[in-house]
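Dear colleague,

Please find below the structure that I am handing over to you, together with its sequence. My findings follow directly after it.

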Amino acid sequence: CGDKRDSYMLGQNFVKNGFDFVAAEYTPNHSKGHVKNIFDDAARCLLYVYHHRSDYGLECDKLVLTGDSAGGHIALFLAMMIEDKELANKFGYDFTGIEVQAVLLNSPVYDFPNIGRNMLNKHGLKYLFGDRYDDEYLNNLISPNNYIEKFNVPIFLSTCKLDFIRGDSLALFEDLKKYDKIFEFIDIDDVRVGHVHNVIDPKKSASKLVNR
């Protein structure tokens with residue numbers, strides 16, 4: 001699951017540099033449903049923070065979404081729905097007034113329909129994504145690689161040589177080049193770090209390079 005406490009040290013890095021930081025939590029389905037339920041968690045959090053921004057002293061006019069691994073999938077697809085009202089409407093979301101300035105991704109899931117088949121067995125897929133884990137239509141509907149051509153928000157992307165889903169980052173990198181998008185890409189060549197190293201151990205030099 002996506003436990004907001006895992007982002008504490010990463011969030012402190014943003015706060016020390018003058019940013020507000022809000023960590024969202026999501027849970028695996030464990031029952032009937034689909035991974036879309038996870039996006040419902042993230043969307044509700046985002047909408048709540050935005051509509052109660054004055055209560056917490058937040059400006060939200062220079063909003064940046066960030067995520068790692070599955071969280072990178074969530075952050076990127078949320079940004080895509082915020083930019084594309086028609087896509088958001090398919091899920092019943094209304095992000096009126098919200099604008100995303102950039103998306104920061106480390107080791108993200110990009111080609112969702114294929115990542116599960118390659119990395120998880122049937123039991124694992126069902127545990128994480130619910131009984132409809134193999135719904136091809138829904139899986140493609142929430143896969144960022146199907147929308148990147150029209151997406152125009154700047155992206156910061158990082159991965160490393162030992163990232164076990166590095167292929168997804170490289171596929172996103174190739175598409176960002178192909179469609180002439182605004183982006184920065186960092187590929188860490190350090191045998192001491194692996195998947196989502198910038199969150200797991202932010203004190204490492206490679207992690208500091210990503211989190212700078």
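Ala75 lies in helix 4; helices (H or I, at least four residues) and strands (E, at least two) are DSSP runs, numbered from the N terminus. The model is a predicted one, in which local features need pLDDT of at least 70 and side-chain atom pairs count only at pLDDT 80 or more, while totals for chains, interfaces and linings use all residues. Residues are numbered from 1 along each chain as its sequence is written, and side-chain values use heavy atoms, with hydrogens and water left out.

With a relative accessibility of 5%, Ala75 counts as buried; here buried means under 20% relative accessible area, exposed over 50%, and partly exposed in between (1.4 Å probe, protein chains only). Leaving aside residues up to four places away in sequence, Ala75 touches Leu65, Thr66, Gly67, Val103 and Leu105, where contact means heavy atoms within 4.5 Å.

Helix 4 and its partner

Helix 4 (residues 70–83) packs with helix 2 (residues 36–51) at an angle of about 65°, and their axes are 11 Å apart. Axes are lines fitted to C-alpha atoms, for helices over the stretch in contact, and angles run from 0 to 180 degrees between N-to-C directions. The crossing of these two helices is right-handed, a crossing being left-handed if the near helix is turned anticlockwise from the far one by less than a right angle, and right-handed if clockwise. Helix 2 contributes Ile38, Phe39, Ala42, Ala43 and Leu46 to the contact, and helix 4 contributes His73, Ile74, Phe77, Leu78 and Ile82. By type, the contact residues of the two helices comprise 9 nonpolar, 1 polar and no charged. In this division Ala, Val, Leu, Ile, Met, Phe, Trp, Tyr, Cys and Pro count as nonpolar, Asp, Glu, Lys and Arg as charged, and the others, Gly among them, as polar.

Asn37 is also placed in helix 2. Asn37 is partly exposed, its relative accessible area being 32%. The C-alpha atoms of Asn37 and Thr27 are separated by 8.6 Å, and the two residues are 10 apart along the chain.

The nonpolar cores

The largest nonpolar core has 49 residues, and those with the most contacts inside it are Phe77, Met81, Phe95, Val103, Phe151 and Ile155. A nonpolar core is a set of buried Ala, Val, Leu, Ile, Met, Phe, Trp, Tyr and Cys residues joined through side-chain atoms within 4.5 Å. Helix 4 supplies the largest share of this core, 9 residues. A second, separate core of 7 residues includes Phe156, Ile186, Ile188 and Val210. Val103 touches, among others, Leu65, Ala75, Leu76, Ala79, Phe151 and Phe156, with residues up to four places away in sequence not counted.

Cysteines and backbone

How many disulfides does the structure hold? The number is 0, a disulfide being a pair of cysteine sulfur atoms within 2.5 Å. Cys160 is buried at 0% relative accessibility, whereas Cys45 is partly exposed at 22%.

Most residues other than glycine have a negative phi. Cys60 has a positive phi, near 65°, and is found in the loop between helix 3 (53–56) and strand 1 (63–68). Ser107 has a positive phi as well, near 50°. Ser107 is located in the loop between strand 2 (100–106) and helix 6 (112–119), and it is buried, with a relative accessible area of 0%.

Arg5 is found in the segment before helix 1 (8–16) and is exposed, at 66% relative accessibility. Arg5 and Glu25 are 20 residues apart in sequence, and their C-alpha atoms are 8.7 Å apart.

Overall, the protein has 11 helices and 4 strands, and 50% of its 212 residues count as buried. Of the contacts with a separation of 6 or more, 71% are accounted for by residues 24 or more positions apart.

Yours sincerely
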